[in-house]
Amino acid sequence: MTKQTTTKTEESETSKIIRLADIYKLREEKEKELAFYNKKMEELKTKLFFIKKEMEVTTFIIDMIEKEKITIIGQATTTTQHKE
């Protein structure tokens with residue numbers, strides 16, 4: 001009976017070691033996954049920055065064009081009024 005008790009104890013100890021090894025492996029996998037997503041997040045932040053800058057430039061161009069139209073209409077009205 002002592003032999004069986006020792007064997008069960010050894011099996012119990014071995015299963016604890018395996019579980020601990022599995023936990024370490026799981027932690028390592030999660031660390032790699034976290035590093036992967038952190039890298040992707042930085043890439044997305046960079047893309048977001050440039051898209052926002054492109055939108056600012058586009059909005060600025062649209063504003064310039066709209067102000068130019070107002071100026072041209074204003075000039076045409078002024079020129080027409082002087083001719084009369």
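Here are a few friendly notes on the predicted model shown above.

1. A word on the ground rules. This is a predicted model, in which local features need pLDDT of at least 70 and side-chain atom pairs count only at pLDDT 80 or more, while totals for chains, interfaces and linings use all residues. Residues are numbered from 1 along each chain as its sequence is written, and side-chain values use heavy atoms, with hydrogens and water left out.

2. The overall fold is quick to describe: the protein chain has 1 helix and 0 strands. Helices (H or I, at least four residues) and strands (E, at least two) are DSSP runs, numbered from the N terminus. Helix α1 covers residues 2–83.

3. Next, burial. Of the 84 residues in the protein chain, 0% are buried. Here buried means under 20% relative accessible area, exposed over 50%, and partly exposed in between, with a 1.4 Å probe and protein chains only. The accessible surface of the chain comes to about 8400 Å², and 63% of that belongs to carbon and sulfur atoms. These areas come from the Shrake-Rupley method with a 1.4 Å probe; for residues, only the protein chains shown count as cover.

4. One of its members, I65, lies in helix α1 and is partly exposed at 45% relative accessible area.

5. Now the charged pairs. The whole structure holds 5 salt bridges, each being a side-chain nitrogen of Lys or Arg within 4 Å of a carboxyl oxygen of Asp or Glu. Among them is E28 with K32, at 3.5 Å from N to O. These two residues are 4 apart in helix α1, so about one helical turn separates them. E28 is partly exposed at 43%, whereas K32, at 55%, counts as exposed.

6. Another bridge joins K40 and E43, whose closest N and O atoms are 3.6 Å apart. Both residues sit in helix α1 with a spacing of 3 residues, about one turn. E43 is partly exposed at 34% relative accessibility, and K40 is partly exposed at 37%.

7. Finally, E42 pairs with K45 in a salt bridge, with 3.8 Å between the closest N and O atoms. K45 is partly exposed at 46%, and E42 is partly exposed at 46%.
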